[in-house]
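Subject: The structure we talked about

Hello,

Here is the structure I promised to pass on to you. Have a look at it first, and then read on for what turned up in it.

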Amino acid sequence: MNTLMALLIGILYASGMYMVLRRSMVKLIIGLALLSHAANLLIFTMATLRRDRPPLIDESETALAAPYADPVPQALILTAIVIGFAVSAFAAIMIHRVYQTTGTDDLDQLHTTDS
Amino acid sequence: MVLAVIAPALHRVAPEQAGRVLALAVAALFTLFALTPHEAAPLVYAWAPSLDLHVSLLFDGLGKLMALIVSGIGSLILLYANGYLHGDARLPRLYAALLAFMGAMLGVVLGGNLLFIFVCWELTSVTSFILIGFDHDRPAARAAALQALLVTGAGGLCLLAGVILLGVAGGSYELVELAAAPGLREHGLYVPALLLVLAGAFTKSAQVPFHFWLPGAMEAPTPISAYLHSATMVKAGVVLLARLNPALGGTELWFGMLCGFGGATMLVGNLGSLFQTDLKRVLAYSTVGMLGTLVLLIGIGTQAALAACVTMLLAHALYKGALFMVAGGVDHAVHTRDATVLSGLGRAMPITWAAATLAALSCMGVLPLLGFIAKEKSYVAALGAPELAPWIVAASLAANAAAFAMAAIVGVRPFLGRPMEQSEHAHEGSFDLWLGPLLLGVCSLGLGVAAGWPFAGLLEAAAGSVYGSEFEVALKLWAGTEGVYGQALLLSGATVAIGALLFALRAPLRSLAGGLRFAAALAPQRVYQLLYEGSLGAAALLTRRVQNGLLNSYLRTVVLALVGISLWSLWRQPHLMVSFNVGEIRTYEIGIVALILVSCLVAVRSESRMAAIVALGVAGLGVTLLFALFSGPDLAMTQIMVETLTVLLFVLVFYHLPQYARLSSSFERVRDLLVSLIFGGLMTLLVLASSTDILDAPLSEFYAQNSLVKGHGRNVVNVILVDFRALDTLGEITVLAAAAIGVVAMLRLKPARKEGA
């Protein structure tokens, strides 16, 4: 499964990067979203992938029983998902705004600070 | 240095007297220096011991001599500045800069640690930049200041490199220890170190071909020119060479470099001074020439030469400082410094006249003055040079004759002859203006008549510290006519005769050399200009190329650099293991991965924005499923909510944006595709190469054990977020809030109306 995940992550990164390199701002946003998926999966895969061992403590126990999915990366990813959403939303609105102001969504035309 | 801080405040309290008070304070310093006996052992205070950087003060003969010159002339200059820029609002700034410079200069001349000397050396460059550019609203002054800074700064870099090489070769940065270090001259690093140090010293002391910045520096007000560019700063290079003579001197290379460059500078400077008409530029060129003479004498390196060198150092500081101040006084009185116009001022300015005459006579090397002794000694030294003696003597003769004529132009001519028109308005300056030059002139006379007393012992010690060991220096006004002394006397006579001839011929000389002089004097200047403009142009070109304002190219550069560095470090891993851990795969897992891949490709390839957004959403759902399958229920829940919101938001926003257009050429597409594929491949490789269990750290174990006990929660991820790392979560919430505020602000803001539209 690890190998498969590695492949998936690579392709997600590649397509995200390709989209970010486009000149259209819409594609830039889609690329950012793909990149954040890729990064989340990367962190997820770096910890051991385990099936059916969520980091939840059983009613009968006082601590997590031995093979368990690592909670630390999960906490990181949770944060990353939320922040990623904030970034996406902000970027989408900003692009909307830039288009309103400049009338273009071509990044290469935005190479000066004056519009 | 401390005084530099006080100066502006003092000026506010007592605007009329500040200069005089400061001058008195520095004079007190002078007295202190004069009363302190010189000694060879340095005083060491550790400053940054890990760098071998110590504040070590070497108050030996040379140090004391220079400290006396710096503080003595410094106090007179402060007084002089008070008169020269009387009532000028910038006077406090001038005092502050001058005193800061004085502090740095004292550091250079007294420093016993090469690194410490270097620090002070750079400080003098910086303060001198401020001082030359004192009239910062004039472009010419700014250009001259920048030029001086760049030339001496470049030299300073060479010096630093040279000093470090010396430290490596000699095992110490302490001058005393370096001088005693065995085998330094045979060390492999000797030659590069010497060349670098010489580059530093030559730029600072305005040796050919770096001499051009010194006449340019005459843009500064006269007190500054008189102080920095005659008596002190330009001597820093000479002092450094003198300091290093015991450690580095005595080799063929040392002799050749110093005599070659010093001799050339001596000729160019002294002869060049004859072609100038501006009094200050005349003096500047002659200073260049004198610096060349000093370097030449250190290069010769015999006892006689070093004795001549220190005598000359003192004599020159006295008369050149005085002449500069005289030039400034004349300028102040009649508002011109043109040597062809000035005439007949003697009657109107008798005291300045007297000072000028004394200084000029000393510069000419006329009998009862200190300059005479110095010149005699330099002739003796030239006659006794181990090699090339006839050439050195001839060059010295030419240079001294030119100096004689120069002194006549500056110190004698303006005061004699028919009174010029403006001289009716000419008047003696205030007490501040004439005291300095007069005192220096009287010193020149007094020291000459008294044959160096009370400085004879000091000069002897100074020459000794340059030589490396003490030896006897006989300062006599009349050394007799036997042997070399007789020849020297003969040469002096010839000097006077040729000098007088040159003076008489000064007008035809100026016109004759008109064309020649520009070619000769400006050639290095032109090289400097070319270099300066070239580097500016190259910087502009580089900026345009690198900072082209295209996000695309920035990203490409970053990604490729990242890939390069990562691959390089992967390559250097001794045990690079790429493990294909296929393990157990279930069919539906393959299905999910395939789903993500397909939707990802659709998102990339799609010509329709909506299709792309939907595909993005599908990919997000696939990721959600993966989280759910591999024990991340919280992740799955969050992801699905966020994904839904994202898709909704994108649909709403993109609805208002234009359709896709074909913006990039095929070449750009292929290029970007390649970059992306390389990047994706690298990430795959990284995942495969990293062993899986790296995050099974004690940290996770801690949370697993304590989540319920200390956090009272059974969902470990939740407990981490809201309890153990609650502050981080607070930060996250803040980010969200900030983003929300930004979004609202951007939505509510009305677009600004474009001008002209």
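Let me begin with chain A, whose elements run α-α-α from the N terminus on. In total, its secondary structure comes to three helices and zero strands. Chain A has 115 residues, and 63% of them count as buried. Please keep in mind throughout that this is a predicted model.

**Where the chains come together**

The axes of H28(B) (residues 698-711) and H29(B) (residues 716-724) come within 10 Å and cross at roughly 70°. That makes H28(B) roughly perpendicular to H29(B). The crossing of H28(B) and H29(B) is left-handed as well.

**A helix to trace from end to end**

Just after H6(B) comes B:Gly171, with a positive phi of about 80°.

**Aromatic rings**

How many aromatic pairs does a search of the whole structure find? Over all chains, there are eight. One of them joins B:Phe202 and B:Phe261, whose ring centres are 5.1 Å apart and whose planes stand at 45°, so this pair is tilted. B:Phe202 belongs to helix H8 of chain B (residues 190-204) and B:Phe261 to helix H12 of chain B (residues 252-274), so the pair ties together parts that are 59 residues apart in sequence. B:Phe202 counts as buried, at 4% relative accessibility, while B:Phe261 counts as partly exposed, at 29%.

Another pair is made by B:Phe702 and B:Tyr703. Their ring centres are 5.5 Å apart and their planes are at 65°, so this pair is edge-to-face. Here B:Phe702 is partly exposed at 37% relative accessibility, and B:Tyr703 is buried at 7%. Together with B:Phe724, B:Phe702 and B:Tyr703 form one aromatic cluster.

Rings also turn up next to charges. In chain A, A:Arg22 lies over the face of A:Tyr18, at 4.4 Å from the ring centre. In chain B, the charged end of B:Lys204 sits over the ring of B:Trp121, 5.1 Å from its centre.

**Around helix H25 of chain B**

Which residue takes a positive phi although it is not a glycine? That is B:Ser631, with a phi of about 65°. Most residues other than glycine have a negative phi. You will find B:Ser631 in the loop between helix H25 (609-629) and helix H26 (633-654) of chain B. B:Ser631 counts as buried, at 3% relative accessibility.

Between the C-alpha atoms of B:Ala612 and B:Cys600, 12 residues apart along the chain, the separation is 8.7 Å.

**One more loop**

Is B:Gly365 buried or exposed? At 4% relative accessibility, B:Gly365 counts as buried. This glycine has its place in the loop between helix H15 (350-364) and helix H16 (370-383) of chain B. From B:Gly365 to B:Ala403 is 9.2 Å in space, C-alpha to C-alpha, and the two are 38 residues apart in sequence.

Happy exploring, and do write back with any questions.

Best wishes

Definitions and conventions: Residues are numbered from 1 along each chain as its sequence is written. Chains are lettered from A and ligands numbered from 1 in the order in which they are written. This is a predicted model: local features need pLDDT of at least 70, side-chain atom pairs count only at pLDDT 80 or more; totals for chains, interfaces and linings use all residues. Side-chain values use heavy atoms; hydrogens and water are left out. Helices (H or I, at least four residues) and strands (E, at least two) are DSSP runs, numbered from the N terminus. Rings of Phe, Tyr and Trp (its six-membered ring) pair if their centres lie within 6.5 Å; planes under 30 degrees apart count as stacked, over 60 as edge-to-face and the rest as tilted. Buried means under 20% relative accessible area, exposed over 50%, partly exposed in between (1.4 Å probe, protein chains only). A charge sits over a ring if NZ of Lys or CZ of Arg is within 6 Å of the ring centre and within 35 degrees of the ring normal. Axes are lines fitted to C-alpha atoms, for helices over the stretch in contact, and angles run from 0 to 180 degrees between N-to-C directions. Angles under 35 degrees count as roughly parallel, over 145 as roughly antiparallel, 65 to 115 as roughly perpendicular and the rest as oblique. A crossing is left-handed if the near helix is turned anticlockwise from the far one by less than a right angle, and right-handed if clockwise.
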